[in-house]
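Reader: I am new to this one and would like to learn how to read it. Could you take me through it step by step?

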Amino acid sequence: MKSPYRDNYESVAEEGHKKFMAAGCNGCHGGTGGGGMGPPLSNEVWIYGNDGDTLFRLIALGSDGLKEQGYVRKGSENVVGPMPPHGGIVKSNDDMWKIIAWIWSINPPDKKAASAQ
Ligand code: HEC
């Protein structure tokens, strides 16, 4: 899967943030993505990766569902427990890509060479 906003994520970031709040992601990740009972989205550590494909699957399927698809944990953060699936809460694929665009806007995907795509 590939984000339609990979090269212009800034342009839909604000809209994505509204959808992030509407989906209740802030309950665990904080309103600015700084973390809470879930890991921060704004720091250097990406548990499974920061490419669009991995993030989409993680958010839609939850962390257990992602692992069932063969994705492996690459990093770890100071959190307990899995992330629940949100595929049924985020209303459309487009909404999902906009949320991911907002995450990229606070934590640019091209910041680290290791995270190609
Ligand atoms: C009930 C709490 C909870 C909610 C609600 C939640 N998450 Fe998570 N999220 C987690 C936990 C816990 C992890 C870490 C999973 C792991 O370590 O396997 C995580 C991991 C993540 C990661 C990876 C972070 C990293 O550093 O690599 C992203 C991105 C993410 N969540 C986005 C979202 C989005 C977007 C939403 C809303 C659609 C959301 N989360 C809703 C608890 C939550």
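Reader: Which helix is included in what covers the buried residues of H3?

Author: Helix H4 (93–106) is included in that cover. Some ground rules come next. This is a predicted model, in which local features need pLDDT of at least 70, side-chain atom pairs count only at pLDDT 80 or more, and totals for chains, interfaces and linings use all residues. Residues are numbered from 1 along each chain as its sequence is written, and side-chain values use heavy atoms, with hydrogens and water left out.

Reader: How many helices and strands does the protein have?

Author: Helices (H or I, at least four residues) and strands (E, at least two) are DSSP runs, numbered from the N terminus. Here there are four helices and zero strands, and the order along the sequence reads α-α-α-α.

Reader: What does the radius of gyration say about the protein?

Author: The radius of gyration is taken over C-alpha atoms, and the globule rule is 2.2 Å times the number of residues to the power 0.38. For 117 residues a compact globule would come near 13 Å, and the protein agrees because its value is 13 Å. The C-alpha trace spans about 35 × 30 × 25 Å along its principal axes.

Reader: Which residues does UniProt list for the domain?

Author: UniProt positions are given in the numbering used here, with feature names shortened, and annotations may be inferred rather than shown by experiment. The record, an unreviewed entry, lists "domain: Cytochrome c" at residues 11–107. Over residues 11–107 the chain is 46% helix and 0% strand, with its end C-alpha atoms 15 Å apart.

Reader: How far apart are the end C-alpha atoms of H3?

Author: The general idea is an expected span, which is 1.5 Å times one less than the number of residues in the helix. Helix H3 (residues 52–68) has 17 residues, and a straight helix would reach 24 Å, but the end C-alpha atoms of H3 are only 18 Å apart.

Reader: Where is the kink in H3 centred?

Author: The bend at a residue is the angle between axes fitted to the seven residues ending there and the seven starting there. In H3 a kink of about 120° is centred on Gly 62. After H3 comes Gly 70, with a positive phi near 95°.

Reader: What span should the 14 residues of H4 have?

Author: They should span 20 Å, and H4 agrees because its end C-alpha atoms are 20 Å apart.

Reader: How many residues of H3 and H4 are buried?

Author: Buried means under 20% relative accessible area, exposed over 50%, and partly exposed in between (1.4 Å probe, protein chains only). H3 has 12 of its 17 residues buried, and H4 has 10 of its 14. Among the buried residues of H3 are Phe 56 and Gly 62, while those of H4 include Trp 97 and Trp 104. In the protein, buried residues make up 44% of the 117.

Reader: Which elements do the buried residues of H4 pack against?

Author: They pack against H1 and H3. A contact means heavy atoms within 4.5 Å. Ile 99 lies in H4 and is buried, with a relative accessible area of 2%. Leaving out residues up to four places away in sequence, Ile 99 touches Gly 16, Lys 19, Phe 20 and Val 90.

Reader: Which residues have the most contacts inside the largest nonpolar core?

Author: A nonpolar core is a set of buried Ala, Val, Leu, Ile, Met, Phe, Trp, Tyr and Cys residues joined through side-chain atoms within 4.5 Å. The largest one has 22 residues, and those with the most contacts inside it are Phe 20, Phe 56, Met 96, Ile 100 and Ile 103. Helix H1 (13–22), H3 and H4 are the elements that give two or more residues to this core. H4 gives the largest share, eight residues. Not counting residues up to four places away in sequence, Phe 56 touches Met 1, Asn 93, Met 96, Trp 97 and Ile 100.

Reader: Is Arg 57 buried or partly exposed?

Author: Arg 57, found in helix H3, is partly exposed, with a relative accessible area of 22%. Arg 57 and Met 1 are 56 residues apart in sequence, yet their C-alpha atoms are 8.9 Å apart in space.
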